[in-house]
Amino acid sequence: MNEYIDIVDINGTPTGQTELKSIIHQKGYYHNTAHVWFYTKSCEILLAQRAKEKTICPLLWDVSVAGHIDAGETAIQAAVRETREEIGLALNENELHFIDVFKCFQNYNNRMIDNEFHNTFIAELKPPLSRLTPQQGEVEALKLVSFDAFQSILDNIGENNHFIASNKVYYETVLKKIKDAFK
């Protein structure tokens with residue numbers, strides 16, 4: 001789908017302009033995404049494997065839910081929408097806990113320029129994994145990993161088909177924020 005996205009400047013401030021997602025990635029315009037990291041009371045984190053059809057990083061294991069914030073949409077609205085679309089889970093906005101905005105500026109071999117601000121939330125995953133429905137063409141598979149396994153993935157980032165190596169600090173911050181939610 002080629003939806004319209006709001007353009008922001010290098011500081012994340014809205015410019016008042018919108019453009020098609022394909023043009024944003026072609027021209028490298030700065031834009032916002034919503035990320036949701038789900039955790040369980042049994043100290044596990046939900047990872048989603050990007051679908052094999054994805055243009056960038058196919059089959060990479062990464063954030064539980066992620067997607068672009070559509071033009072005129074807030075980060076929290078996008079997080080709720082993307083969660084419903086990508087894993088079939090209906091959330092209320094009050095179940096999401098905002099942790100921070102992270103800059104992620106990447107250039108890919110296919111000439112895609114992805115200058116994103118990840119508006120990042122955490123939330124408790126209440127239903128069992130078996131009740132989630134991965135969105136075809138977006139999510140290949142879902143799995144839960146323990147906090148220790150998540151740390152081990154980080155310790156070996158770039159070698160294990162998990163996470164984008166240049167974003168290691170982002171993943172470490174997410175893990176810390178999730179652990180802090182248990183205090």
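Visitor: Which side chain meets R81 in a salt bridge?
Guide: E85 does, at 3.3 Å, N to O. Keep in mind that this is a predicted model. Both residues lie in helix α2, four residues apart, about one turn of the helix.

Visitor: R81 and E85, buried or exposed, or partly exposed?
Guide: R81 is buried, with a relative accessible area of 12%. E85 counts as partly exposed, at 32%.

Visitor: Which residues are linked with them in a network?
Guide: D70, E73 and E82 join R81 and E85 in a network of salt bridges.

Visitor: How far apart are the end C-alpha atoms of α2?
Guide: They are 18 Å apart. Helix α2 has 13 residues, 75-87, so at 1.5 Å a residue it should span 18 Å, which agrees.

Visitor: And what covers its buried residues?
Guide: Strands β3, β4, β6, β8 and β9 are among what covers the buried residues of α2. Those buried residues include A78, V80, E82 and I87.

Visitor: What follows α2?
Guide: G88, with a positive phi near 70°.

Visitor: Back to charges. How many salt bridges in total?
Guide: The count comes to nine. One of them pairs E3 with K21, at 3.8 Å, N to O. E3 lies in the segment before β1 and K21 in helix α1, so the pair ties together parts 18 residues apart in sequence.

Visitor: What does K176 pair with?
Guide: D180, with the closest N and O atoms 2.9 Å apart. Both lie in helix α4, four residues apart. D180 is partly exposed, at 26% relative accessible area.

How values were computed: Residues are numbered from 1 along each chain as its sequence is written. This is a predicted model: local features need pLDDT of at least 70, side-chain atom pairs count only at pLDDT 80 or more; totals for chains, interfaces and linings use all residues. Side-chain values use heavy atoms; hydrogens and water are left out. Helices (H or I, at least four residues) and strands (E, at least two) are DSSP runs, numbered from the N terminus. The expected span of a helix is 1.5 Å times one less than its number of residues. Buried means under 20% relative accessible area, exposed over 50%, partly exposed in between (1.4 Å probe, protein chains only). Contact means heavy atoms within 4.5 Å. A salt bridge is a side-chain nitrogen of Lys or Arg within 4 Å of a carboxyl oxygen of Asp or Glu.
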